[in-house]
Amino acid sequence: AMISPPHSPRTLHVCRRRHLLLFVSAASVSLVNLIVRQMPVRLDALQRLREQVQVEERSEHKPARLVLISEGRSGSTPVALSLAGLTGSPPSMKTELLGSNGRDMLALATKSENAPLEKVVRFYASERAAHPNAGLVGFKLKPYDNRKDAAAYMHVYHWIATRGIPVVYLFRNPLFVIVSGAKHTAFPNLAAHCKPKMHGGEAACLAQHANATFELETGNSLRAHIDAHYTKRDEHLAILNQLNVSYLYVSFESLFILPDKIEAWRRVLRFLQPSNSTYWEHIAMEDVERTFATESTSHVPLSQRLINYDAVCATLAANNLTYLLNKSNT
């Protein structure tokens, strides 16, 4: 049976405007309010984007836009590539446009408060012009959790909200995110994804991943790491809510693991409303699987992957987090 862990947001209704009950600590609420207060609506600062926006909005037939938000190691690349394949859209959807980590995102914001937004506007204008018949154009975005220069990213969210651009917020079981990060730390030369035409062959890549055994942090360190993932998610969803961003919260597990995953894919497509078709209500899982550009590298059970598996299990049991050992749960 599917377990509903206490960390999970309870979805009441999902549509173009969503309602979520979020369990956010008092400290988290303070952080959210602090960040949003840093973002006064500065029309003068956004004025120089007007001409670019006007050019972008002139076309009557243009691809719909989207943003895919997720932390690293959460499966955003296969999701982006599958969405592109299903909607006849460019693979640039997998682009981490504003940076692949907090350091890169901070460096961009440090250039100027408008640098991230200017880059977003230029990207959408360029992609729409280059792919006029695509169903979607978009990019991946990491949740920005640095208080410094946070206003630069609040401008991006405010712009997204005022234009009704839909955001898909992807979340994955944090234990498996942590395991993936630990694996690539222990084996830095492992490919992030195994692809059919990659150098050395897909089978060799999968074998390297299967043979990678390593230790995982335990005790208070593991518990704190897991809690940090939930806290970051809840804080970020609270910001999206406060700025009235239209978003859909979806788990990696619902798209790739749970029995009714085809319904999750249909729900995502229904929410995004690709501009070139309305067939998504009739797609089958076979249609989705034909778009898979990478093979899962987490097919080996944790019991065979983690050298200290018993100690990890003991930590999870002591903190009522055993449900995370089931890949279906978040």
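How do the residues of the lining of the second largest cavity divide into nonpolar, polar and charged? The views below start there. The model is predicted.

**View 1. Lining of the second largest cavity.** The lining residues divide into 3 nonpolar, 2 polar and 2 charged. They are E71, S74, F171, R172, P174, V177 and H229. The space inside is about 30 Å³. The structure has 2 cavities of 30 Å³ or more.

**View 2. R172 and the ring of F252.** R172 is one of the residues that line the second largest cavity. Its charged end sits over the ring of F252. The distance to the ring centre is 4.5 Å.

**View 3. The stacked pair of Y124 and W159.** The whole structure holds 10 aromatic pairs. Y124 and W159 form one that is stacked, with 6.1 Å from centre to centre and 20° between the planes. The pair links distant parts of the chain, 35 residues apart. Y124 belongs to helix α6 (residues 115-130), and W159 to helix α7 (residues 150-162).

**View 4. Burial of Y124 and W159.** Y124 counts as buried because its relative accessibility is 0%. W159 has a relative accessible area of 6%, so W159 is buried as well. The cut-off for buried is under 20%.

**View 5. The ring cluster around Y124 and its charged neighbour.** Ring pairs join F123, Y124, F139 and W159 into a cluster. R65 lies over the face of Y124. R65 is 5.6 Å from that ring centre.

How values were computed
Residues are numbered from 1 along each chain as its sequence is written. This is a predicted model: local features need pLDDT of at least 70, side-chain atom pairs count only at pLDDT 80 or more; totals for chains, interfaces and linings use all residues. Side-chain values use heavy atoms; hydrogens and water are left out. On a 1 Å grid over the protein atoms alone, a cavity is a set of points where a 1.4 Å probe fits but cannot get out, and a pocket is an open set with protein on both sides within 12 Å along at least five of seven lines; lining residues have an atom within 4 Å of a point. Grid points are joined across faces, edges and corners, and a volume is the space filled by probe spheres set on the points. Ala, Val, Leu, Ile, Met, Phe, Trp, Tyr, Cys and Pro count as nonpolar, Asp, Glu, Lys and Arg as charged, and the others, Gly among them, as polar. Rings of Phe, Tyr and Trp (its six-membered ring) pair if their centres lie within 6.5 Å; planes under 30 degrees apart count as stacked, over 60 as edge-to-face and the rest as tilted. Helices (H or I, at least four residues) and strands (E, at least two) are DSSP runs, numbered from the N terminus. Buried means under 20% relative accessible area, exposed over 50%, partly exposed in between (1.4 Å probe, protein chains only). A charge sits over a ring if NZ of Lys or CZ of Arg is within 6 Å of the ring centre and within 35 degrees of the ring normal.
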